[in-house]
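Have the sequence and the model open as you read.

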Amino acid sequence: MPSFEESDPAPISPSPAPELPSSQVHPATVSPTKHQKENDQDDDDFIPENKTKDDDGDQKMIFDDDNEEPELKSSTSEIEKPSIIQQSKPSSSKSSSSTTTTTSTKYKPSSADMKHYYERYLPFKSIFLWLNHSPAPQTDFTMREFAFEYKSGAYHRYNSFSNVSEFKSTVLKAEPTRFEIGAVYPIEPKLRKQVSKNVMKPQMKEFVLDIDLTDYDDIRTCCSGTSICEKCWKFINIAIEIIDVALKNDFGFKHLLWVFSGRRGCHCWISDYRARVMDENIRRSVIEYLDVLHVKGSKKSNGGVASLNMFRKPYHPHIERSLEVLKDQFIDVVIREQDPWRHEDRYEDLARAVPDYRLTNALMKYWKTTTDRSSADKWLDVDKYYQNLKIQSFDLQDWKKEMIFKTMYPRLDVEVSRQMIHLLKSPFCVHPGTGNVCIPFDPSKEKFNPLTAPNLQTLFNEDEEHVENTSLQPSIDLFNKYVRELMKEELSKKRTRDESKENLEF
Amino acid sequence: MFRKVKRKTDGRRNFDDRDTSFDTSVGAGGFHDDLAQYPHRLSFYKLPPMEEVTLEEFETWAIDRLKVLLEIESCSARSMTFKETEQVMEKMLAKYLPLNVPSKESSSLYQERKKDHYSHFILRLAFCRSEELRRRFVKAETTLFKLRYNMLSMTEQRNFVNSLDLPWVAATEEEKTKFESQLYACSYSSVRALLRAGSASGVKITDDQVRQYLKHQTFYKLPFEYVPDLLAMRTAFLHQGYVYVGQFQQSSLIISEYSKFLKEQLDLTVRGLPGLDEDDRLVPVLNNLSKGYISAEYNDGGNSSNGEDSEVNSENVNTFLSDMPLCMQRLMEGVSVNHHLKYGGRQQLAFFLKGIGLSADEALKFWRNQFTKSMSAERFNKDYKYNFRHNYGLEGGRINYKPWDCKTIMNKPNPTKSEYHGCPYRDLHRDELLVMLGKLGLEGNRSTDDVLDLSNRGEYQAACTKVFELVNRDNIDYALKTKSGNVDQSSIVHPNQYFDRSRYLKKLREGTVGKGAESQSGESQSIATQ
Ligand code: SF4
Ligand SMILES: [Zn+2]
């Protein structure tokens, strides 16, 4: 027995401090403690995981605060002082970009261009309304984190603004190459030094998705790395189609904003209240529901291919529906246009994907000797050998469906979606490597074409002064319409939320 | 919510001298009134206890629950199936945390539920202090919850689920028809498994049977936030933000809901903790609890020190080697090789021998025989005799020392090179351990890998239990087959428990288990039976 001598029957109660009970389990009720995770990660030093491989492939310098040393140096010796106020600009010829890309080296926006763009083109007010959900500033905006990225590669987190004019003037002064949007915190992020670290836990954030063509390099043959063309962009459009319907029909989300990431992918922002208050655990389940292949992220399976029991029959309705979309486009998009298995270095992928040893060997042998059979031929060869060898170890039609799935199903970045502290580039920012504007688009209207997307250079040619006269204006209109709808619902929902809160209190 | 509780707490302070009125309320109002606080056998433990308990109740209730939780952990460390765990835990629960069926005429129902309620909250306080403890606590409590949920009758389960206040909405017949194929696709494999489990082996379940089964199932709609697991694994149908959950999935859902709830509550408890330190009487108790400081009360039956009818004496003690756990075998080996043992080893072995029935006189004989092979009788009398007599309470403080349990053994300083005390699963290099296991007849098979694996992971007692099971496999099988006695499969927590269990099984086999043997077998009284 534990050494406890006292048999004093003095009454004591095991009930602890009075704040212990809380039977609220509904996720839609946000209390300041609800979303606090035991994430002991040092937020200040946090480098978003995809930062190191972001669109430019640059390394970023992370500044904890104005007066501290950078923790990670980029290849340039010049370190830009990230202070927002006294900004000394580095000459643009000393660009830090160490990786040269194979495409779109033609135009890179200069500092003067960016300044002009921020001043005249970028719809600050719309972005403010989108994040604030109301015309008058509220904590959804004022306690929201913004991060600035500079030409030097410096990355400055925890900016926050009390209203739209401060937002705009700060960006104008700081002249970041782009800015990113993070979560809403319990206090204004710029004041974080005044509170203990435990307080700085994200409370709310849009649910976001990130799809990038570099994750398709094993199947693309037209391009690789940062370059894209109309052929491979089809994968992105397919991804959008599949994810869009799942988010709307299955999850019931209404306020989806698809945004071009400026080079080779796109983002999706979901602004429904219900999505914004999801904790990381729920975000993880949502993204795992969608991320059927889990090509990326923590649960990496060997070779990046999902295990077969994902496709256990009967298929889950989401799988079944996605398959319908993919089936129709497989022949065109994959077999004809990409022709991924034509050459020796890749046809092994197809042969080895066959779950029967005999069949794999036979195919390998045949393709080795009979060169230059197209992917279409090879796709049929599998049928032929399956019949000839009288294979019975697996069902050919099921296997074909799985292959279609594995080559074309959306490849998602799980961590970007899961982590609440993760930041994502704002819509209407300009991609520093291409000059493309990250415009929102509506996939239900027409398929997005990144090659004709508004570019800073073309915009300025269209009209140097008035954004209304440029090809950017339709995107701004689309965005404004989206924001209006969001705000309308937000205001009515908020009324009912407040009412029910009051009911509880009386 | 918050305010309400606060008011209650304040109220309680005002009635601090109320303990006597509490007694009368039991007498007058009968236990029905009190039972109204605990309408179900099972609980989510949403409200903290409000009444006062004595310090003694506080401690013993907590320790009883801790024993249950530790046993659950040990079952999972030995990777037992849920069925096996159920078997082991049934006895433990009946003994330490009974929650009897309401129909059973019993005035102790209230007391049982109160103990369950309070002990849960006390352990929350003890276990909320570190991430690791919280994780362990939630895991063990969740298993406990699952065990108990399965013990409920259908009606009790239904009533309990309804009491939970989850936003269930039953899907309408129209919805069921509209989404028939989707629901079928999502439920197919679980329903098939269910049907297969319920029918004779080898029977094929047809798709039609699955359809038929689903026709009579109620489906509930639940916001997807409530079922992150079903969502992530795509094992349920999701439509417009609602997951359709079949009745057959309900229990797993409630269990995960409980686990989630408890985790949140523990996080809140940590933050409420500073206020608690004021009551310094509680702190040492809580500290002891959270250190896992629990001595399994080893009941030596009170027969060891007078030992007249004991079968163990200084001459034959060596013949019981195979009944001893590895730590004791190692010490016995140490004495017979060196004719000496250092202090730590001497203590550990001497108390153990006392526990198996070696009387004070016989013990002295045993040690003298051994030690005088390396030293003179005078030296033994001068330097060691006192020590051994002291162990039996015959000298000095005259305390009747109890045999050490594994925890005590492991809390002592680790053995140095020339020392033999401690726990071999923790202290020995894996090669040395393999040699020792080899001597037990366990060699180069998968079982020894399991043992090494458990020791590597720090699950020493689980390793020891595993070895016990391997060494005594025949006798255990015999006992199970003939149903001739109680086969206790709980984890080894005490060397004497190991010994007694081994003796008990042998006697069952020999058919000599009788009255004498039962009382000899202290453990079968205190731990195995009931
Ligand atoms: S687990 Fe206990 S009984 Fe087994 S060897 Fe270790 S100390 Fe001895
Ligand atoms: Zn391309």
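The sulfur of A:C268 lies 7.8 Å from the closest cysteine sulfur, which belongs to A:C266. A disulfide needs the two sulfur atoms within 2.5 Å, so this distance is too far for a bond. This is a predicted model.

- Over all chains, the structure holds zero disulfides.
- A:C268 is buried, and its relative accessible area is 0%.
- A:C222 is partly exposed, at a relative accessible area of 30%.

**The zinc ion (ligand 2)**
- Which residues coordinate the zinc ion (ligand 2)? The donors are the SG atoms of A:C222, A:C223, A:C229 and A:C232.
- These contacts span 2.2 to 2.3 Å.
- Along the chain, the donors of the zinc ion (ligand 2) follow the spacing C-C-x5-C-x2-C.
- Why is the arrangement tetrahedral? The four donor atoms subtend angles of 102 to 117°. Tetrahedral requires all angles to lie between 85 and 135 degrees, so the zinc ion (ligand 2) qualifies.
- One of these donor residues, A:C222, is the partly exposed cysteine listed above.

**The shell around ligand 1**
- Chain B supplies the residues around ligand 1: B:P325, B:C327, B:C406, B:C423, B:P424, B:Y425, B:Q461, B:C464 and B:P495.
- How many of them are nonpolar, polar or charged? The shell divides into eight nonpolar, one polar and no charged.
- Two helices of chain B, α20 (424–427) and α23 (460–471), each supply at least two residues of this shell.

Note on methods: Residues numbered from 1 in each chain as written. Chains lettered and ligands numbered in written order. Predicted model: local features only at pLDDT ≥ 70, side-chain atom pairs only at ≥ 80, totals over all residues. Heavy atoms only, no water. Buried < 20%, exposed > 50% of the residue type's maximum accessible area, 1.4 Å probe, protein only. Donors = N, O, S within 2.8 Å, 3.2 Å for Na, K, Ca; no water. Tetrahedral: all angles 85-135°; square planar, octahedral: opposite > 155°, others 65-115°. Near = heavy atom within 4 Å. Helix = DSSP H or I, 4+ residues; strand = E, 2+ residues; numbered from the N terminus. Nonpolar A, V, L, I, M, F, W, Y, C, P; charged D, E, K, R; others polar.
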